[in-house]
Amino acid sequence: MRQVDRIVILTGAGISAESGLGTFRDEGGLWAQHRIEDVATPEGFARDPARVHRFYNARREQAAKATPNPAHDALARLQADFRGEVMLVTQNVDGLHEKAGATAVHMHGELSRALCAACAHRWDAPSEMSVTDTCPKCGMTGARPDVVWFGEMPYHMERILDALQTCDLFAAIGTSGQVYPAAGFVEEARLAGAATVELNLADSDMTHAFDDHVAGPASRTVPLWVDRLLA
Ligand code: APR
């Protein structure tokens, strides 16, 4: 295995599945229970903000009760103990990487944060958001969860793309590879000369693009993968 100094890791809902949080596209997942256009688009929020708040209030409550699993713990250990650099990028909004002691770049935002639709001020979200919430800075109503919806630009993209250009190893953990720009990260890393590995319960839409695929539940595969990197 070539010298690895800079690792970029992308996580998706699959890393939190064994913490009891539903994924989106697995059997019975969130998108089988709710229509994306109703709860995860700006148009859906404009049409029925109370419905969107109910959806995210339920997810915020679940995430608050969830605990990290061995996969989250292993990534925190990797960040703490790896001699090189580890950038952990997550599509998840559940805060479990932070609960495990890791630092994550939240490209799809965070359930624990609120965003003012009028002045773009951000603050720590209350456990239950509602249509009557007002912005602490400008006083306007219309506050929304600070979560990136379909049709919106993910956060921190410049920083993420820079890291992909210079990394030696890119790993995608628990993501179906169906949503861009995250699904395209493996190609960016490969073009930059990085080795690429996918850790997933099953094949994803992007499995073909990876050098290696480690099949199995993240709580088993990620600790073993981290042990090898730290050996
Ligand atoms: N261990 C490892 N992988 C798992 C596990 C597990 N225990 N359980 C499920 N998976 C894998 C599935 O095989 C699938 O590839 O996790 C992936 C979950 O895919 P999605 O539900 O599509 O979640 P994700 O890829 O994170 O979705 C990306 O889509 O809806 C938007 O913004 C939302 O961030 C989300 C984005």
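A polar side-chain atom of Arg25 lies 2.7 Å from an oxygen atom of the ligand in this predicted model. This is a polar contact, that is, a pair of N or O atoms within 3.5 Å.

| Residue | Protein atom | Distance to a ligand oxygen atom |
|---|---|---|
| Arg25 | polar side-chain atom | 2.7 Å |
| Trp31 | polar side-chain atom | 2.8 Å |
| Ala13 | polar backbone atom | 2.8 Å |

Alone, the ligand exposes 740 Å², and the protein buries 93% of that (accessible areas by the Shrake-Rupley method with a 1.4 Å probe; for residues, only the protein chains shown count as cover). Around the ligand are 22 residues, of which Phe24, Arg25, Thr175, Ser176 and Asn200 come nearest (near: a heavy atom within 4 Å).

The chain has two parts: domain 1 (1-21 + 68-108 + 154-231) and domain 2 (22-65 + 111-147), with bounds from an automatic or database domain assignment. Their C-alpha centres lie 25 Å apart. The contact takes 13 residues from domain 1 and 14 residues from domain 2 (heavy atoms within 4.5 Å).

Between them the domains bury about 1,000 Å², 55% of it on carbon and sulfur atoms (accessible area, 1.4 Å probe, lost by two parts on being put together, summed over both). Leu21, Val93 and Tyr155 supply 51% of the area that domain 1 buries against domain 2. Zero salt bridges are counted between domain 1 and domain 2 (a side-chain nitrogen of Lys or Arg within 4 Å of a carboxyl oxygen of Asp or Glu).

Residues are numbered from 1 along each chain as its sequence is written, and side-chain values use heavy atoms, leaving out hydrogens and water. In this predicted model local features need pLDDT of at least 70 and side-chain atom pairs count only at pLDDT 80 or more, while totals for chains, interfaces and linings use all residues.

Notes: A polar contact is a pair of N or O atoms within 3.5 Å; within protein, one must be able to donate a hydrogen and the other to accept it, and residues adjacent in sequence count only if both atoms are side-chain atoms.
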